[in-house]
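Here are my comments on the model you sent over.

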Amino acid sequence: LHMGKTMKEDLTVVVKYIKQLYPPELNVFSTYAELYHNYFASEAKKSAESHLEDKDIYLLLSWVHNIYPRDMRKDRVLAEELEKVKLGSLLPASLSKELEKKYLDSEEATIKASLSKCLDKEIQRWKEDKEPEKLNGHFQSELLAIFVIQSIYSGQKRAKDISIAVGEELSCRLWKELPAFLKSYKEAFDDFKEKSKKHRYYKPILIANINNCWNFRDYAEKNMAEKDDNKATILSTLGDIENSVFDILLQQLFAQLKPIYKKFTENKWDSSNEIMNEIIKTTSKHISDFRTLKDPFYHAIIEKIHARLVKEYIVRLLKKKFSLKTPAQQQNLAQLISKNAADLEAFCISNGSQATWLNSALPKLAEIIRLQDLGAIKIEVATLATIYPDIRKRHLEAFLHIKANLSRSELKSILGYLADSTASTLPSAPLFSNIHLS
């Protein structure tokens with residue numbers, strides 16, 4: 001700092017007062033500048049070749065890449081004159097590269113160690129007999145994500161302050177470190193999920209951690225290149241954590257719903273409105289717990305519930321438990337299904353489901369039951385297959401068991417029409433492909 005200040009002040013005096021006292025051909029400014037630079041460079045080289053602490057390496061690299069070329073040589077008074085001299089770098093390229101490697105290795109190791117230490121503290125917090133804090137009504141365990149993201153961001157910024165190249169190199173290293181860290185986080189969290197089921201705040205801790213994933217997800221989405229393999233790994237790991245928590249949170253609800261759904265076929269759909277009310281009431285009790293999830297996760301879990309409610313209803317329709325011979329009977333069942341579908345849709349949407357793609361399934365099936373004209377049934381089947389391209393012959397055949405007044409040739413004709421109009425690729429949000437017939 002002293003040498004830099006002296007050089008800058010002295011060369012400013014040379015430009016302002018001394019240069020004009022000499023003939024131009026002597027290039028007196030150039031002489032002064034080279035002498036100062038050579039001395040400065042020799043001192044920098046001595047420092048670089050001695051044993052330096054990490055903070056000293058950082059400071060020396062800052063001088064070489066940043067302070068010396070930008071703050072001194074781009075100085076308003078000196079820039080024009082220094083441009084003519086072509087002084088070069090303070091350090092030889094090989095020595096500069098050596099220092100950069102030392103700095104990058106040290107910075108990477110330091111950040112890695114601090115992330116590991118932070119994870120250990122987070123694991124200890126899970127084991128405490130305390131409910132996670134809430135922020136805006138959502139359980140949170142954000143210290144981990146905040147610390148990790150800040151550590152990476154601060155490391156990248158410090159490195160970038162040396163030079164863009166050094167910043168990019170450290171960023172590449174830390175992008176590889178983040179997937180490794182998240183893998184360790186997932187393993188520790190999996191261990192907690194498995195061994196701590198009797199923890200008093202088991203579910204709140206699960207919800208806090210799934211909320212935690214949002215910070216990592218948001219950071220990766222905004223800061224990492226789309227084709228970066230590390231980004232794909234990060235998002236995949238976060239997806240695994242999120243889905244595993246969803247499964248646990250929904251386990252009890254789905255177990256309670258199973259015997260209620262069985263009542264549809266046991267009662268031959270006679271009391272379907274009462275059964276649907278029971279399904280909605282049971283589901284509603286569980287949904288209140290999920291309000292502590294952050295909005296993206298709340299919507300995701302509601303969509304999973306919506307899909308499960310529709311799927312289980314379809315499963316009961318495909319059970320071949322009964323068949324109806326007259327159009328009047330079929331008309332009656334179609335009306336019941338339509339009413340159940342409307343109630344289910346209203347309930348799910350009122351609770352924040354954005355899965356509008358599910359809303360056509362039950363009304364379309366009800367319409368196929370109601371219709372008696374073979375051509376109209378085929379059109380409805382084709383429409384259903386367009387909306388849900390994962391429907392297969394086996395699903396439709398099981399469903400059409402309800403329409404006992406169809407002849408074998410009519411049944412074959414309808415099934416053949418489905419085969420012709422069904423897409424070979426599965427949709428991104430499957431419905432029928434999740435229904436396995438026994």
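This is a predicted model: local features need pLDDT of at least 70, side-chain atom pairs count only at pLDDT 80 or more; totals for chains, interfaces and linings use all residues.

1. Start with helix α5, residues 93-127, and helix α7, residues 164-195. Their axes come within 10 Å and cross at roughly 20°. That angle is under 35 degrees, so α5 counts as roughly parallel to α7. As for handedness, α5 passes α7 in a right-handed crossing.

2. Who makes that contact? On the α5 side you'll find E100, Y103, L104, D105, E107, E108, I111, K112, L115, L119, I123 and W126. Facing them from α7 are V166, E169, L170, R173, L174, E177, F181, S184, Y185, A188, F189 and F192. By residue type, the contact of α5 with α7 splits into 15 nonpolar, 8 charged and 1 polar.

3. While you're on α5, have a look at E122, which sits in that helix. Is E122 buried or exposed? Its relative accessibility is 0%, and because of that E122 counts as buried. Leaving out residues up to four places away in sequence, E122 touches S141, L144 and N209.

4. Now the other pair: helix α10 (residues 272-290) and helix α12 (residues 327-350). Here the axes come within 10 Å and the crossing angle is roughly 15°. That is again under the 35 degrees cut-off, and α10 and α12 are therefore roughly parallel to each other. The crossing of α10 and α12 is right-handed.

5. The α10 residues in this contact are S272, N273, M276, I280, T283, S284 and I287. From α12 come L336, K339, N340, D343, L344 and F347. The contact of α10 with α12 divides into 6 nonpolar, 5 polar and 2 charged residues.

6. Next, the largest nonpolar core, which has 135 residues. Which of its residues touch the most other members? They are F216, I314 and F399. Helix α9, residues 229-266, gives this core its largest share, with 13 residues.

7. F216 deserves a click of its own. Setting aside its neighbours within four places in sequence, F216 is in contact with A145, V148, I149, L178, F181, L182, Y185 and L238.

Technical notes. Residues are numbered from 1 along each chain as its sequence is written. Side-chain values use heavy atoms; hydrogens and water are left out. Helices (H or I, at least four residues) and strands (E, at least two) are DSSP runs, numbered from the N terminus. Buried means under 20% relative accessible area, exposed over 50%, partly exposed in between (1.4 Å probe, protein chains only). Contact means heavy atoms within 4.5 Å. Axes are lines fitted to C-alpha atoms, for helices over the stretch in contact, and angles run from 0 to 180 degrees between N-to-C directions. Angles under 35 degrees count as roughly parallel, over 145 as roughly antiparallel, 65 to 115 as roughly perpendicular and the rest as oblique. A crossing is left-handed if the near helix is turned anticlockwise from the far one by less than a right angle, and right-handed if clockwise. Ala, Val, Leu, Ile, Met, Phe, Trp, Tyr, Cys and Pro count as nonpolar, Asp, Glu, Lys and Arg as charged, and the others, Gly among them, as polar. A nonpolar core is a set of buried Ala, Val, Leu, Ile, Met, Phe, Trp, Tyr and Cys residues joined through side-chain atoms within 4.5 Å.
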